[in-house]
Amino acid sequence: MALRDIKPTRSELISIKRKIKLSERGYNILKMKRDGLILEFFKVLEQAKDSRGEMLNKYQKAAEMIALANTVEGKIGVKAAAFSVKETPEIELRNKNIMGVVVPEIKSSQVKKSLVNRGYGLLGTSSVIDEAAESFEDLVDTIIEAAEIETALKRLLDEIESTKRRVNALEFKVIPELTEAGAFIKMRLDEMEREELFRLKKIKARTSAKARTST
Amino acid sequence: MVETKRGPASYHYVCTRMRVRKSLLIPKEEYLRMLNMSLPEITRSIGETGYKKEIDELATSFSGIDLVEVALSWNLAKEYQRILAITPGALRHFTENYLRSWDIQNVLTILRGKMQGVAAGRIKELMIPAGMKDRAFLDRLLAEETPERVVEALKGRRIHQTLEEGLPEAMETGSFANLENRLYVQFYDELVRDAMSGIKGGRIFLEYIRLEIDVKNIKNLFRLRASGIEEEIRDLMIPGGSFTPRELQVINTTRDRDEFIDLLKKRVHSPPLKSALEGLRKKRPIREIVVELTRIQLDQMERMSKRHPFSICPIFVYLEKKKHEVLNLRAITRGKESHLPAEQIQGYLVM
């Protein structure tokens with residue numbers, strides 16, 4: 001806000017003072033929100049690290065199991081068993097609120113199945129297929145869990161970023177500019193008051209001088 | 001009708017040929033040598049051990065390890081067809097019936113592929129025509145549009161009725177698991193009935209099949225235990241062996257491992273199988289148990305073939321050993337491809 005655009009009036013000064021008060025209150029609240037979000041972010045970050053590690057372990061296990069299944073049953077056997085699976089896992093998406101940030105809550109179903117519900121027959125397959133299927137079911141479950149945590153992390157990070165921008169804008173732009181404008185108006189009003197006083201004094205002096213010459 | 005008129009000379013001839021063929025299978029030392037080779041060396045070595053023709057034939061359609069795997073399967077299928085061609089009378093009848101398990105596998109793969117909407121070419125890659133249904137017949141099944149049409153095309157075949165009865169449920173639930181189990185139960189039931197029908201050599205065949213059923217049931221019991229399944233399992237067990245499905249159901253509900261092993265040992269007659277079960281008291285990965293039981297089964301079958309040198313046993317032992325040669329070679333190549341340690345691959349070889 002350029003100072004030349006400001007009207008140096010009392011009402012403007014009152015309005016600016018109100019704005020400064022509001023901005024300072026908003027600044028304090030946003031600063032608290034930012035600090036709270038950062039605390040929450042670190043909590044979720046720990047969970048994300050754990051879930052990443054778990055996901056990596058499960059991926060390695062699943063890769064090892066599929067390699068074993070390929071070794072024992074051959075690619076033909078593994079592919080034929082894979083044809084048995086028709087159902088795709090169902091995912092239910094809900095929202096939850098962390099300090100005003102809407103994050104997803106993902107619930108999965110039909111990922112982990114028992115041996116008899118996997119779609120392939122017990123009598124035409126071998127145990128390596130069971131182990132490979134089980135390890136991939138575990139992996140999918142962990143991926144879904146990690147997706148929930150990492151989306152929450154990303155949303156929290158976005159919110160922290162925008163809150164930080166708002167706090168900085170208030171701290172380094174809005175409030176200083178308003179304070180400067182308030183000071184400018186105050187200075188202009190004082191100057192105008194002084195000018196008025198001087199003018200009145202000058203009029204009074206002229207009036208007194210005129211009266212003296214007439215008497 | 002089963003042909004039983006041929007004399008003992010043809011039995012001697014075919015059993016001797018089986019023994020000769022068995023002696024040409026890859027020996028244990030060669031597998032151990034392969035385990036220390038690199039993948040290209042193994043592929044070259046496989047090409048030099050009787051699989052060259054199939055590798056050359058398929059080289060235009062496949063490459064790398066897939067080529068080796070498909071060539072091994074094709075060789076197995078051709079070898080089984082050659083065995084059928086030289087097997088006479090009742091032996092042929094038993095062999096044909098025994099090889100029908102491959103038909104079940106192929107038909108189920110076609111049905112599943114059709115239900116999932118997989119292209120016929122991709123399903124065809126998974127076919128191993130080692131059973132009674134040859135490549136041309138399987139191609140005809142592959143050309144059908146829907147699973148219902150595939151089942152319709154099997155009219156007049158042994159598996160048709162079971163397929164027709166089980167297909168609606170499979171289509172509704174999207175799972176062929178129950179149908180698959182029913183087909184294999186029917187398969188073993190027919191093998192047992194054939195063996196008991198008074199055909200010459202039936203008694204030995206029955207002994208052989210019972211051993212296979214027992215080993216398969218025990219393996220599956222271990223699988224079910226590993227998955228923590230205690231519910232109704234009678235439909236998942238094969239009748240006709242030393243245990244009835246009801247007995248297996250009771251054994252499966254026994255949580256204590258020692259008690260579980262004791263119950264199995266009580267009914268098992270074969271001493272090597274008993275001692276193998278004794279070794280399973282300690283908790284081990286299920287895949288190791290399965291390999292161990294397969295080794296015992298093959299060893300027992302080998303003993304039976306020595307006890308009955310001119311019977312169905314030498315043929316079946318050769319069929320099984322040939323199958324395991326293919327499985328071993330596939331395990332070595334796939335294991336090497338996945339960079340598994342040689343010791344781990346060796347653990348899965350049945351030598």
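This is a predicted model: local features need pLDDT of at least 70, side-chain atom pairs count only at pLDDT 80 or more; totals for chains, interfaces and linings use all residues.
View 1. Residues are numbered from 1 along each chain as its sequence is written, with chains lettered from A and ligands numbered from 1 in the order in which they are written. α16(B) has 22 residues and spans 32 Å from its first C-alpha to its last. That is close to the 32 Å expected at 1.5 Å a residue (1.5 Å times one less than the number of residues). Helices (H or I, at least four residues) and strands (E, at least two) are DSSP runs, numbered from the N terminus.

**View 2. The buried residues of α16(B).** Among them are B:R287, B:I289, B:L293, B:Q297, B:M301 and B:S305. A residue is buried if 20 or more other C-beta atoms lie within 10 Å of its own, exposed if 12 or fewer, and partly exposed in between; C-beta atoms are placed from the backbone. The buried residues of α16(B) pack against α12, α15 (271-278), α17 and α18 (342-347) of chain B. They also pack against α2 (127-214) of chain A.

**View 3. The side of chain B that touches chain A.** Here 38 residues of chain B are in contact with 27 residues of chain A (C-beta atoms, placed from the backbone, within 7 Å). α4 (64-86), α6 (100-116), α11 (177-195), α12 (202-226), α16 (286-307) and α17 (312-337) of chain B each supply at least two residues to this side. α6(B) gives the most, with 7 residues. By class, the side holds 18 nonpolar, 12 polar and 8 charged residues. Ala, Val, Leu, Ile, Met, Phe, Trp, Tyr, Cys and Pro count as nonpolar, Asp, Glu, Lys and Arg as charged, and the others, Gly among them, as polar.

View 4. Strand β1 (residues 90-98) and strand β2 (residues 101-109) of chain A pair in the antiparallel sense over 9 bridges; pairing requires at least two DSSP bridges. A:R94 stands opposite A:E105 in β2(A). The hairpin has 2 residues between the strands, and A:M99 takes a positive phi near 50°.

**View 5. B:R203 in helix α12 of chain B.** B:R203 is partly exposed, with 14 other C-beta atoms within 10 Å. Its C-alpha atom is separated by 44 Å from that of B:P341.

Methods. Two residues are in contact if their C-beta atoms, placed from the backbone, lie within 7 Å.
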